[in-house]
Amino acid sequence: MEIDVITPSVSLDKLPLNKAARILSIGWSMLREKDAKRLRELGVDVGVAIEKLHRGPFGLDPIACRIGRMTVALRSAQAASIMVEPIPQP
């Protein structure tokens, strides 16, 4: 008998630091038009690998994330609109 292991999804702002993940969905309607356009231009899309690198002082903004070979700074509100699935590490 085979058992499926379901990895829980979490918003990017809640993802632990230095944890690789894959974007499952983006709440575009939660973002201001200007912010949504910027994220699209940076290549943020469903299926893209992302890693949360660090947060600002005292755990506040900005949140630094690696998307591909880029390091991108996001606000917590932007990160909260991005649902991710942690990638299991071997």
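Asparagine 18 counts as exposed, because its relative accessibility is 54% (exposed means over 50% relative accessible area, buried under 20%, partly exposed in between, with a 1.4 Å probe and protein chains only). Keep in mind that this is a predicted model, where local features need pLDDT of at least 70, side-chain atom pairs count only at pLDDT 80 or more, and totals for chains, interfaces and linings use all residues. Residues are numbered from 1 along each chain as its sequence is written, and side-chain values use heavy atoms, with hydrogens and water left out.

- Most residues other than glycine have a negative phi, and most peptide bonds are trans.
- Asparagine 18 isn't a glycine, yet its phi is positive, at about 60°.
- You'll find asparagine 18 in the loop between strand 1 (10-11) and strand 2 (20-26); strands here are DSSP runs of E, at least two residues, numbered from the N terminus.
- Going from aspartate 61 to proline 62, the peptide bond is cis, with omega near -5°.
- Proline 62 sits in the loop between strand 3 (49-55) and strand 4.

- Strand 4 (residues 63-67) pairs with strand 5 (residues 70-74) in the antiparallel sense, over five bridges; strands pair if DSSP finds at least two bridges between them.
- Cysteine 65 has valine 72, in strand 5, as its bridge partner.
- Two residues lie between the strands of this hairpin, and glycine 68 takes a positive phi near 65°.

**Arginine 69**

- Arginine 69 belongs to the loop between strand 4 and strand 5.
- With 88% relative accessibility, arginine 69 counts as exposed.

Definitions and conventions:
Helix = DSSP H or I, 4+ residues; strand = E, 2+ residues; numbered from the N terminus.
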